[in-house]
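Colleague: Please take me through this structure one feature at a time, giving the general idea first and then the case at hand.

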Amino acid sequence: MPGKGSRTRSRAHRRTAARPPAKAKAGAPTAARRSARASVRPAPERIGEILRLLERRYPEAKCSLDHTDPLELLVATILSAQCTDARVNIVTKDLFRKYRSAQDYAAANPAEFEMEIRSTGFFRNKTKSVIGMAQGVVERFGGVVPDTMEELTSLPGVGRKTANVVLGNAFGKDEGIVVDTHVARIARLLGLTRQTDPVKIEQDLMRVVPKRRWTLFPHLLIHHGRAVCVARKPRCEVCAVAHLCPASRI
Ligand code: SF4
């Protein structure tokens, strides 16, 4: 005859056996996925292959703001804040015909300029930045856009990101890495940084990305972010670097 202990064990067993298995949450990592992620190598060991594969996948990757000289790129970059490059290119097509030098922008009528760039958004602040930047270029640099980080960031409306765009794409100088929303998001997914602050993300990236690729690297991530690693639903199943990505869903 079974004792009290065995009746207790038997009730406990029935309770356990009757409970349905816990459902895996949609998108939750499986054991296989967790183990694949755990085996991803440190960033410095992966970056060479990531660059090689992204360069092969996006051979056309380059600055998508239309420009023919440093001044045009500086103006276009200021206008590109919170605006698509395609919209900026539409606006600058006419703008660059009318304003051909830093002196032209410096002498612009603010109300008129506001209307000319209105469709890029934040047009009042952008007007102040472009005219202020141009006045600084005329007064302190003889009308010629300077080619150092220190001088560029001394101009009104020009931060480190804008200066990086101009130095890398107009002067061919790899001084830093442009960090926009695509770059920040994908760099974190790829395990190249854990930071959220753009300045700290740039510092992490500068430690792992070879200097001669500092200008190209953000273009590669931006193309990847538009074509494959889209924000709402990354297409890991067609991603060229899925095997190197700790966040891969495959
Ligand atoms: S594997 Fe997925 S999350 Fe990682 S970079 Fe590719 S698309 Fe983005």
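Modeller: Helices and strands are DSSP runs, numbered from the N terminus (helices are H or I of at least four residues, strands E of at least two). Read in this way, the chain has 13 helices and zero strands, and its elements from the N terminus on are α-α-α-α-α-α-α-α-α-α-α-α-α. This is a predicted model, in which local features need pLDDT of at least 70 and side-chain atom pairs count only at pLDDT 80 or more, while totals for chains, interfaces and linings use all residues. Residues are numbered from 1 along each chain as its sequence is written.

Colleague: What share of the 250 residues of the chain counts as buried?

Modeller: A residue is buried if 20 or more other C-beta atoms lie within 10 Å of its own, exposed if 12 or fewer, and partly exposed in between, with C-beta atoms placed from the backbone. By that count, 34% of the 250 residues of the chain are buried. As for contacts, two residues make one if their C-beta atoms, placed from the backbone, lie within 7 Å. Among the contacts in the chain with a separation of 6 or more, 59% are between residues 24 or more positions apart.

Colleague: Which residues of α4 are buried, and what covers them?

Modeller: Helix α4 spans residues 70–79, and nine of its 10 residues are buried, namely Leu71, Glu72, Leu73, Leu74, Val75, Ala76, Thr77, Ile78 and Leu79. The elements covering these buried residues include α5 (85–98), α6 (102–106), α7 (110–117), α8 (123–141) and α10 (160–169). A residue of α5 gives a local view: Thr92 is found in that helix and is buried, because 23 other C-beta atoms lie within 10 Å. Leaving aside neighbours within four places in sequence, Thr92 is in contact with Asp66, Glu72, Val75, Ala76 and Leu79, and the C-alpha atoms of Thr92 and Ala76, 16 residues apart along the chain, are separated by 6.9 Å.

Colleague: At what angle do α4 and α8 pack?

Modeller: Axes are lines fitted to C-alpha atoms, for helices over the stretch in contact, and angles run from 0 to 180 degrees between N-to-C directions. For α4 and α8 the angle is about 160°, with the axes 9 Å apart. That makes α4 roughly antiparallel to α8, since angles over 145 degrees carry that name, those under 35 being roughly parallel, 65 to 115 roughly perpendicular and the rest oblique. Leu74, Val75, Ile78 and Leu79 of α4 meet Lys126, Ser129, Val130 and Met133 of α8. By class, these contact residues divide into six nonpolar, one polar and one charged, where Ala, Val, Leu, Ile, Met, Phe, Trp, Tyr, Cys and Pro count as nonpolar, Asp, Glu, Lys and Arg as charged, and the others, Gly among them, as polar.

Colleague: How do the axes of α7 and α8 cross?

Modeller: The axes of α7 and α8 come within 9 Å and cross at roughly 120°, which means that α7 is oblique to α8. On the α7 side the contact is made by Pro110, Phe113, Glu114 and Ile117, and on the α8 side by Phe123, Arg124, Lys126, Thr127 and Ile131. These residues divide into five nonpolar, one polar and three charged.

Colleague: Which residues are closest to the ligand?

Modeller: A residue is near a molecule if its C-beta atom, placed from the backbone, lies within 6 Å of it. Here 14 residues surround the ligand, and the closest are Cys229, Pro234, Cys236, Cys239 and Cys245. By class, the shell has 12 nonpolar, one polar and one charged residues.
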